[in-house]
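Please consult the sequence and the model shown here.

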Amino acid sequence: MSPKHLEGQRISWQDTGVVSTMNSPFCKLKPIPVRAVRMNPGFWKPRIDTIAIVTLKKQMQEMRKSGVLDNFMRVYGKLDAEFQGFYFAESDLYKWIEAASWILQVEELPEIEKMIKEAIDIIQPAQGDDGYLNTYFQKERAKKRWTDLDRTHELYCAGHLFQAAVAHHRSTGSDRLLNIARKYADYICDMFGSGKKEAHPGHPEVEMGLIELYRETGVRRYLDTAGFFIDHVGGKEMREILGHAVRALYFCSGMTDYYIETGNQAYLDALESLWKSMTEQKMYVTGAVGGRAYSESFGREFELPNENSYAETCAAIASAFWNWRMLAINGEARFADLVELTLYNSILSGISLDGEKYFYVNPHISNGRATGDPWYAHERRGVPTRQGWFKCACCPPNIARMFASLPGYFYSTNDEGIWVHLYDNNVFQWHLPDGTRFSLSQKTNYPRDGRVEIEVSSQAEKEFSIYLRIPGWCQKAFVTVEGKPMPDTPQSGSYYEIKRSWKKKKSILLEMTMPSVLMISNPMAAENRSSAAVKRGPIVYCFEGVDNPGISARQAKLKVDCKDPTRNLKAKFYPDLLKGVTAITSEGMVPVGNWGLLYRPFETEPIKTKPVILRAIPYYAWDNRGCSEMSVWLPYKLTKR
Ligand code: FUB
Ligand code: ZN
């Protein structure tokens with residue numbers, strides 16, 4: 001099938017989504033631009049505002065300090081200095097430009113606009129006449145260009161440049177960075193492919209970048225070169241999710257993009273297997289992935305260590321990218337569920353509430369000691385308290401681009417209607433693919449509770465559907481339209497369709513029960529055996545030392561009523577705690593006295609315990625009041641009433 005891009009039916013830059021599947025032949029959902037959704041005060045708006053007001057500026061300062069911008073200037077002789085940082089340092093600047101560009105769709109921010117312009121001014125002169133642009137491999141390493149694709153990251157950096165350029169174009173209409181990207185992409189397409197340089201990048205990313213550039217420009221060979229890289233590494237044959245977690249999931253995202261454009265079932269078969277392998281065997285309860293610290297990778301099946309969980313923030317973001325693309329194919333709620341799970345837990349944990357510090361590695365249990373052993377203290381990536389910056393600073397600008405573009409993840413459209421994926425206060429004004437204009441607003445306290453009031457109106461007298469995501473975590477949901485309860489029961493883990501004419505404004509009420517629940521794990525995940533984790537709605541909880549004074553979170557046990565396991569869980573909202581969180585308490589117990597020896601014979605009267613009340617807070621919010629002990633999972637003791 002010939003993509004509509006090539007039929008001259010281009011989308012204007014203002015109308016384009018974060019991942020522009022608008023004209024892609026093999027996907028059901030059409031994206032909406034970030035600017036179509038105005039977030040109102042609620043859960044996400046303050047976080048997105050923090051990115052705009054605090055995070056982006058601080059990140060630029062850090063990149064200046066660590067020499068990322070100097071690396072460009074030394075290429076064209078404006079600075080006489082050594083190359084600084086890792087060989088992929090410039091990718092941080094590209095991610096930052098991407099984030100800063102998306103945020104311009106959220107708000108007018110002249111200062112950020114100026115910073116983007118200055119960054120492009122610094123980048124532009126570094127591009128070679130042939131289009132090549134990589135600050136590490138220019139100048140003294142010029143002869144080494146493309147000689148170490150496996151380890152060093154030329155194509156990875158290129159991919160980030162392409163994504164930044166596309167975001168910048170979609171947000172400002174400027175083709176300044178886009179032209180730099182195109183020139184480089186043309187050069188890459190000249191270099192790589194059958195009968196040319198037959199190789200693939202060691203760190204995927206360029207696949208997504210090239211395909212988005214194809215969607216933006218209609219230049220077919222960008223898509224073909226991405227396909228070449230995917231085939232060269234054997235994408236179609238992959239079945240088990242393996243290796244470096246960010247690489248694996250950027251690859252899956254790129255392969256999904258490629259399927260969406262080409263429709264070759266073999267890619268989708270591989271993607272389905274990889275998704276199953278990740279979600280059934282290699283994912284934390286928080287949605288985090290990449291448990292193995294060594295090589296930052298997916299381990300074997302069920303290799304999910306808690307204290308030494310690597311769970312890189314970038315890997316969780318990569319999972320959200322991938323699931324977002326899988327969702328577009330058929331509108332299956334399981335993918336949106338995972339986008340939601342990662343957003344509220346394993347991605348959000350990556351940044352402090354003030355927007356200035358980051359986790360690179362996200363543990364699921366911590367001894368609360370900021371001085372780790374040498375391996376974990378390595379560049380302070382694995383220290384169990386957030387850091388202001390890292391020598392390898394991939395995660396901070398990745399979080400910024402994710403949250404800056406978040407409004408664009410709330411909805412999709414298609415010929416049938418509007419798809420509501422995420423819940424929070426906002427007004428969405430947009431149009432269906434046929435041009436029918438509508439307005440949809442949400443009022444809710446979500447995720448504090450599961451009640452969402454929606455109002456929809458459309459310009460024209462036309463029947464279309466609203467598809468509400470009923471999350472997989474939600475056991476009971478009720479939908480009322482114009483005060484009348486809908487007769488059929490919404491199914492958990494699906495989209496609930498409401499079809500009618502919306503010409504006259506109509507109200508929908510979605511009520512999702514949101515009890516506190518205890519999660520248990522497949523016993524093959526050895527560290528979670530006989531333990532439970534607390535979850536409420538999309539939010540996973542943890543027990544942090546600061547909320548449990550005098551109690552060791554790593555020795556506590558939950559008391560679980562054997563007839564009614566959640567009976568002991570009590571949820572209460574605290575507006576002033578951690579910017580407003582629902583804390584959950586439970587009866588529990590802690591050992592009295594010391595264990596003494598590491599091992600001892602089992603006793604029928606085991607070590608004495610005393611009853612305590614344990615308090616849990618959302619996992620994303622831990623380590624915002626100093627470094628203390630923390631655990632997501634606690635062993636439990638079944639009790640009879
Ligand atoms: O290698 C580039 C980035 O740095 C990776 O995606 C991260 O895992 C970190 O290694
Ligand atoms: Zn990272």
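Q: Which residues surround ligand 1?
A: This is a predicted model, in which local features need pLDDT of at least 70 and side-chain atom pairs count only at pLDDT 80 or more, while totals for chains, interfaces and linings use all residues. Residues are numbered from 1 along each chain as its sequence is written, chains are lettered from A and ligands numbered from 1 in the order in which they are written, and side-chain values use heavy atoms, with hydrogens and water left out. With a residue counted as near when one of its heavy atoms lies within 4 Å, the surrounding residues are Phe88, His153, Tyr156, His203, His244, Val246, Glu296, Glu312, Tyr360, Cys392 and Cys394.

Q: How far is an oxygen atom of ligand 1 from an N or O atom in the side chain of glutamate 296?
A: A polar contact is a pair of N or O atoms within 3.5 Å; within protein, one must be able to donate a hydrogen and the other to accept it, and residues adjacent in sequence count only if both atoms are side-chain atoms. For histidine 153 the distance to a ligand oxygen is 2.8 Å, and for glutamate 312 a polar side-chain atom lies 2.7 Å from one. For glutamate 296 the value is 2.6 Å.

Q: How much of the area that ligand 1 exposes when taken alone does the protein bury?
A: Accessible areas come from the Shrake-Rupley method with a 1.4 Å probe; for residues, only the protein chains shown count as cover. Taken alone, ligand 1 exposes 280 Å², and the share buried by the protein is 95%.

Q: Into which domains is the chain divided?
A: The bounds come from an automatic or database domain assignment. They give domain 1 (4-409), domain 2 (411-512) and domain 3 (516-639).

Q: How many residues of domain 3 are in contact with domain 2?
A: The C-alpha centres of domain 2 and domain 3 lie 36 Å apart. Counting heavy atoms within 4.5 Å as contact, four residues of domain 2 meet residues of domain 3 numbering seven.
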